[in-house]
Amino acid sequence: MAGTKKLLRALAGEVQEVPPIWMMRQAGRYLPEYRATREQAGDFLSLCYTPDLAAEVTLQPIRRYGFDAAILFADILLVPQALGADLWFVTGEGPRLSTITRQAEFEALKPVSDIHDTLSPVYETVRILSRELPAETTLIGFAGAPWTVATYMIAGRGTPDQGPAHALRQENVALFEALLGRITAATIEYLSAQIEAGAEVVKIFDSWAGSLKGDAFVKYAVEPCREITQGLKQRHPGIPVIGFPREAGDGYVGFAKATGVDCVALDNSVSPEWAAEHVQVDGCVQGNLASSHMVTGGQALVDETRRIVRAFSKGPHIFNLGHGITPEADPENVQLMIDTVRGR
Ligand code: CP3
């Protein structure tokens, strides 16, 4: 099944001398060609919902760098929008949504079966990409994890400590859990449709998993990820899943076994030597160069890249950053990272 694609081979457990490489947010504002297409689209959401343009920006980093994987261009907040939340982006600030803190607001959401009305352009983007990508490039679909998506739906925006979501969890756990349940069900449908359209791997982004501790981490990060992974594998046997419980710390240990994901993506707050010993023992890992190196470059970038490749060399590994590349990054530093990984 894995064929000759390097990324699929790593996900199947193969140890490779040169790991496959791709980069979170590889289609983004650090690239002049992205900024040009984004301008043509008008705003960010129009770019997400215009299949030709979304496919174009997905392909740009593949043409420029020859990454081993392309990630569908979309956003984790399209799911709340498909469930009926208002969504808009404020330039320089980030996303804004209508909030869900009361039962009546939850009840006004649309049923899961309605999401495809909004999300069908995304599936068309996937179909275009599966035709146009080079034969050796793997296509990754994605969605946000229920906890992370819920933090935006509850607060109506990004929050430094996810305070409003934690508050709802304390004050009205029934409503909080009903919301997570709705997002979980929608995510299974959404990722399933991406797989049917041609996504070869899916990744679940739990960007705020690190603010869940102890039992709450198990209940609201591990459990929904397990439910989604199991639901997808039942419908699409063999589909590889990457989980990203960002800043989970000790929560990374055993995460693959507990959820059934094929690969755990690591942020750069854990050392690669520690993660090789405690996480990679269970299978493939992805990561974990600090994205700040894409801004600063130089010998430190080269040294840290080599250190990560070496630390993970005894098991299956996909090279990546620990989080998304930022707009201030220098495209030449990305090339330096790739050349270092590929030994050129
Ligand atoms: O990785 C990729 O290249 C694929 C596309 C992708 C985007 N967002 C495009 C995007 C993916 C996988 C995401 C995931 C996403 N979106 C996450 C989880 C990963 C993470 O970064 O923690 C989250 C939390 C979001 C929500 C979101 N979208 C925020 C908070 C913002 C604003 C912050 C920012 O960087 O501007 C976005 C906007 C966004 N999503 C941009 C891109 C390229 C920038 C929009 C622009 O072009 O102006």
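## Surroundings of the ligand

Among the 21 residues around the ligand, those that come nearest are Arg25, Ala27, Gly94, Phe205 and Ser207. Two elements, β3 (94-97) and β4 (138-144), each give two or more residues to this shell. By residue type, the shell around the ligand divides into ten nonpolar, seven polar and four charged residues. The structure is a predicted model, and the description that follows should be read with that in mind.

## Positions annotated in UniProt

An unreviewed UniProt entry lists Arg25, Gln26, Ala27, Gly28, Arg29, Asp75, Tyr152, Ser207 and His323 under "binding site". These positions span 299 residues in sequence, and the farthest two of their C-alpha atoms are 22.8 Å apart, so they do not all gather at one spot. Two of the listed positions can be set side by side. Asp75 has its place in the loop between β1 and α5 (78-82), and with 18 C-beta neighbours inside 10 Å it counts as partly exposed. Tyr152, by contrast, is found in helix α8 and is buried, with 29 other C-beta atoms within 10 Å.

The unreviewed entry in UniProt also lists residues 20-29 and 140-156 for "domain: Uroporphyrinogen decarboxylase (URO-D)". In the model, the span of residues 20-29 is 0% helix and 0% strand, and its end C-alpha atoms lie 23 Å apart. Residues 140-156 form a span that is 59% helix and 29% strand, with end C-alpha atoms 28 Å apart.

## The parallel sheet

Seven strands form an open sheet whose order is β1-β4-β5-β6-β7-β8-β9, and the pairing is parallel. At the edges stand β1 (69-71) and β9 (317-321), each with a single partner strand, so one side of each is left without a neighbour in the sheet. Neighbouring strands of this sheet are turned against each other by 25 degrees on average, direction ignored.

How many bridges join strand β7 (residues 263-265) to strand β8 (residues 284-289)? These two strands pair in the parallel sense over three bridges, and within this pairing the bridge partner of Val264 is Val285 in β8.

## The antiparallel hairpin

Strand β2 (residues 87-90) pairs with β3 in the antiparallel sense over four bridges, and the bridge partner of Trp88 is Arg96 in β3. The hairpin of β2 and β3 has three residues between the strands, and in this hairpin Gly92 takes a positive phi near 80 degrees.

Is helix α8 (residues 146-155) largely enclosed or left open by the rest of the structure? Ten of its ten residues are buried, so helix α8 is largely enclosed by the rest of the structure. The buried residues of α8 include Pro146, Trp147, Val149, Met153 and Ile154, and Tyr152, named in the "binding site" annotation, is also buried in α8. Just after α8, Gly156 takes a positive phi of about 80 degrees.

Helix α10 (residues 173-197) has 25 residues and reaches 36 Å from its first C-alpha to its last, which is close to the 36 Å expected at 1.5 Å a residue.

## Individual residues and their distances

Ala248 has its place in the loop between β6 (241-245) and α12 (255-259), and this residue is buried, with 24 other C-beta atoms within 10 Å. Between Ala248 and Gly141, which are 107 residues apart along the chain, the C-alpha atoms are separated by 22 Å.

Thr37 is placed in helix α2 (residues 32-41) and counts as partly exposed, with 19 C-beta neighbours inside 10 Å; the cut-off for a buried residue is 20 or more. The C-alpha atoms of Thr37 and Ala150 are separated by 30 Å, and the two residues are 113 residues apart along the chain. Arg307 lies in helix α15 (residues 298-311) and also counts as partly exposed, with 14 C-beta neighbours inside 10 Å. The C-alpha atom of Arg307 is separated by 31 Å from that of Val218, 89 residues away along the chain.

Terms used. Residues are numbered from 1 along each chain as its sequence is written. This is a predicted model: local features need pLDDT of at least 70, side-chain atom pairs count only at pLDDT 80 or more; totals for chains, interfaces and linings use all residues. The expected span of a helix is 1.5 Å times one less than its number of residues. A residue is buried if 20 or more other C-beta atoms lie within 10 Å of its own, exposed if 12 or fewer, and partly exposed in between; C-beta atoms are placed from the backbone. UniProt positions are given in the numbering used here, feature names are shortened, and annotations may be inferred rather than shown by experiment. A residue is near a molecule or strand if its C-beta atom, placed from the backbone, lies within 6 Å of it. Ala, Val, Leu, Ile, Met, Phe, Trp, Tyr, Cys and Pro count as nonpolar, Asp, Glu, Lys and Arg as charged, and the others, Gly among them, as polar. Two strands pair if DSSP finds at least two bridges between them. Axes are lines fitted to C-alpha atoms, for helices over the stretch in contact, and angles run from 0 to 180 degrees between N-to-C directions.
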